[in-house]
Amino acid sequence: MNTLSPILDITEYHLPLDLSQVFGNKSEVVLEIGSGDGYFLIETARRKEDWNFVGIEIKGKRFRKAVRIAEREKIKNIKFLLMDARIAIEEVFSLNTFVEVYINFPDPWPKERHKKHRIINSDFLEKLSRIMKPQGILEIASDHEEYISYTLDVLDRITVFKPVFPPPGYASSLANRAKTKYEMEFKQKGREIYYLRFVKTAQP
């Protein structure tokens, strides 16, 4: 088992994963769902060298780019998994694993007939909560106002998470947060970014 490679090859381990075996330590672990080319997660991992980070990405080209960057910059506390996140959260990770989870700029699928494809829904969030630690933080960022309203409604219905921000439930900026490439592009164009932060307060 290669604890130095940024690639998480789950065929080398028994499932569900014990990430202390994967990383070779028992530090806190952070998850990013849809990690893209790894820009956000690598920067966050660089800032918190005493924590571990896992990124899940379904697109091979983006996954390979993230791996190359992590290798080039010798980031030791990060792993990338090429997999559908819906499957990963249900089958790969152990209960009560992650202290923080990030979902940055998920595809909003804005057309009514496509909304069924949105990754954020009640079933997904309840399964996600199982692999999060008690009082774990879920943070979601989007530039799509309707998607944010939809996400707030879903989180309110499942009652597993409680909002950190007061009404309307989102922040327009967060200090000291690493930025994704999408985020930097959107801000240069003057588009508003919405940030949600929730804490896990119950088991589903």
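**Aromatic rings and their surroundings**

Modeller: Phe93 counts as buried, because its relative accessibility is 4%; buried means under 20% relative accessible area, exposed over 50% and partly exposed in between, with a 1.4 Å probe and protein chains only. The model is predicted: local features need pLDDT of at least 70, side-chain atom pairs count only at pLDDT 80 or more, and totals for chains, interfaces and linings use all residues. Residues are numbered from 1 along each chain as its sequence is written, and side-chain values use heavy atoms, leaving out hydrogens and water.

A pair of aromatic rings is described by the distance of the centres and the angle of the planes. Here, rings of Phe, Tyr and Trp (its six-membered ring) pair if their centres lie within 6.5 Å, with planes under 30 degrees apart counted as stacked, over 60 as edge-to-face and the rest as tilted. By this rule there are 5 aromatic pairs. One of them joins Phe93 and Phe98, which is edge-to-face because the centres are 5.0 Å apart and the planes stand at 80°. Phe98 is buried too, at a relative accessible area of 0%.

The rings of Tyr147 and Tyr150 form a tilted pair, since their centres are 5.8 Å apart and their planes at 45°. Both residues lie in helix α6, 3 residues apart, about one turn of the helix; helices are DSSP runs (H or I, at least four residues), numbered from the N terminus. Tyr147 is buried at 0% relative accessibility, whereas Tyr150, at 22%, is partly exposed.

Of its 42 residues, Ile33, Phe93, Leu125, Leu128 and Leu138 touch the most other members. Helix α6 (residues 145-158) supplies the largest share, 6 residues. A second, separate core of 18 residues includes Trp51, Phe53, Ile75 and Phe80.

Charged groups meet two of the rings. A charge sits over a ring if NZ of Lys or CZ of Arg is within 6 Å of the ring centre and within 35 degrees of the ring normal. The charged end of Lys48 is 4.0 Å from the centre of the Trp51 ring, and Arg191 lies over the face of Phe186 at 4.1 Å. Phe186 is placed in helix α7 (residues 181-188) and is buried, with a relative accessible area of 12%. Not counting residues up to four places away in sequence, Phe186 touches Phe105, Asp143, Arg191 and Ile193, where contact means heavy atoms within 4.5 Å.

Methods
A nonpolar core is a set of buried Ala, Val, Leu, Ile, Met, Phe, Trp, Tyr and Cys residues joined through side-chain atoms within 4.5 Å. Helices (H or I, at least four residues) and strands (E, at least two) are DSSP runs, numbered from the N terminus.
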